[in-house]
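Let's take a walk through this model together, starting at a pocket and ending among the aromatic rings. Please have the sequence and the 3D view open.

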Amino acid sequence: AALSLLGAEQEVVVLGVPYTQVYFGGLVFLLLNFIGNSLLQGAGDTITPLWIMLFVNIVHVLSNYAFINGVGPLPALGVTGAAVGTMLSRFLGVVMQFWVLYSGRFAVRMLPGMSYRPDWGMMARILHIGTPSARQGILRNGASLIFVRIVAMIPAATAAVAAYTLGLQTEGLSFMPALAFSVAATTLVGQSMGARRVEEAERRGWMSTGLSVALMSLAGLVLFVFATPLVRLFTDDPTVVELGASYLRTVAFAEPFLALAITLSGALRGGGDINAPLYFTIATHWVVRLPLAYLLVFVLGYGVRGAWYAMAVSMVAQGILAFYRFRSGRWKTMQV
């Protein structure tokens with residue numbers, strides 16, 4: 001029902017249902033994987049999660065190939081095999097993380113003899129800090145689903161959705177540096193604030209952001225120049241290639257602003273301003289992106305390119321909001 005609601009054709013629904021069932025059935029491993037990495041990163045150990053995720057991604061690629069195509073005694077599961085391979089890699093990643101945490105040799109130690117009784121006060125504090133991020137994720141993903149639905153309502157919807165999917169996956173490689181610097185900013189700003197070194201926290205936030213903007217500006221240049229060859233790595237359908245390339249060229253201009261949004265959101269969380277990123281998502285995704293996409297696509301007749309323009313505008317708006325929020329310094333006086 002969910003896939004049909006998004007505008008998927010019957011052929012896509014038939015393939016997508018078993019994939020989705022397997023994926024969501026193993027979602028607990030994805031969640032534990034994320035929590036384990038965050039524990040280590042929050043303690044200042046960003047190297048160990050890197051090695052764990054390198055292992056996870058290698059297993060991911062190999063197991064996806066094996067289960068999709070049926071290597072050796074393994075059955076050829078097609079699209080469903082991609083979900084099986086993904087969840088297997090995440091499960092093995094969780095096993096590796098538990099070994100790291102219980103070994104007693106890393107930044108976070110879960111040693112034998114520790115009390116596992118619930119600390120209700122600590123749990124309440126964790127919920128207080130984590131709930132805004134959870135709400136942000138729900139609202140961001142909800143807006144993304146509606147955005148896909150808007151794209152799916154455009155004539156030649158199959159090509160448009162395929163172009164959006166390929167473009168988004170390709171662009172995802174470009175904002176990996178911003179995600180990394182966001183983690184660094186959260187950790188560094190949080191540690192400085194914990195030590196009551198406010199000026200150092202601000203300096204670290206801006207330094208992380210400057211490096212992130214520089215790298216993503218370069219990534220945006222690569223996306224703009226090599227848009228067509230990048231999309232052709234995944235498909236030779238001329239319509240999908242054209243639309244996918246137009247997506248990459250459009251969002252390429254917004255990459256520096258996306259770097260601002262991602263990295264400064266991490267810095268704000270580290271400084272205790274846990275609600276600001278949630279407000280940014282509401283303002284830019286629900287107030288800007290979705291209404292503007294509908295206006296440009298269906299009212300002003302820009303077609304699928306109107307959706308690309310709306311996405312780029314919302315990214316720019318999010319970066320500007322994050323910049324002014326961090327520069328205001330209000331986060332320096334917040335308690336969590």
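Helix H3 (27-42) and helix H5 (79-103) each give at least two residues to the lining of the second largest pocket; helices here are DSSP runs of H or I with at least four residues, numbered from the N terminus. Before going on, note that this is a predicted model, in which local features need pLDDT of at least 70, side-chain atom pairs count only at pLDDT 80 or more, and totals for chains, interfaces and linings use all residues. Residues are numbered from 1 along each chain as its sequence is written, and side-chain values use heavy atoms, with hydrogens and water left out.

Among the residues lining this pocket are Leu 32, Ile 35, Phe 98 and Met 110. A pocket is an open set of points on a 1 Å grid over the protein atoms alone, where a 1.4 Å probe fits, with protein on both sides within 12 Å along at least five of seven lines; lining residues have an atom within 4 Å of a point. By class, the lining has 7 nonpolar, 2 polar and no charged residues, where Ala, Val, Leu, Ile, Met, Phe, Trp, Tyr, Cys and Pro count as nonpolar, Asp, Glu, Lys and Arg as charged, and the others, Gly among them, as polar.

Now turn to the largest nonpolar core, which has 40 residues. Such a core is a set of buried Ala, Val, Leu, Ile, Met, Phe, Trp, Tyr and Cys residues joined through side-chain atoms within 4.5 Å, and buried means under 20% relative accessible area with a 1.4 Å probe, protein chains only. Phe 147, Tyr 164, Tyr 247, Trp 308 and Met 311 have the most contacts inside this core. Its largest share, 8 residues, comes from H11.

How are the aromatic rings arranged? Rings of Phe, Tyr and Trp (its six-membered ring) pair if their centres lie within 6.5 Å, with planes under 30 degrees apart counted as stacked, over 60 as edge-to-face and the rest as tilted. This rule gives 14 aromatic pairs. Tyr 164 and Trp 308 are stacked, because their ring centres are 6.1 Å apart and their planes at 15°. Since Tyr 164 lies in helix H7 and Trp 308 in helix H14, the pair ties together parts 144 residues apart in sequence. Trp 308 is buried at 0% relative accessibility. The rings of Tyr 247 and Trp 308 are edge-to-face, with centres 5.0 Å apart and planes at 85°.

Note on methods: Buried means under 20% relative accessible area, exposed over 50%, partly exposed in between (1.4 Å probe, protein chains only).
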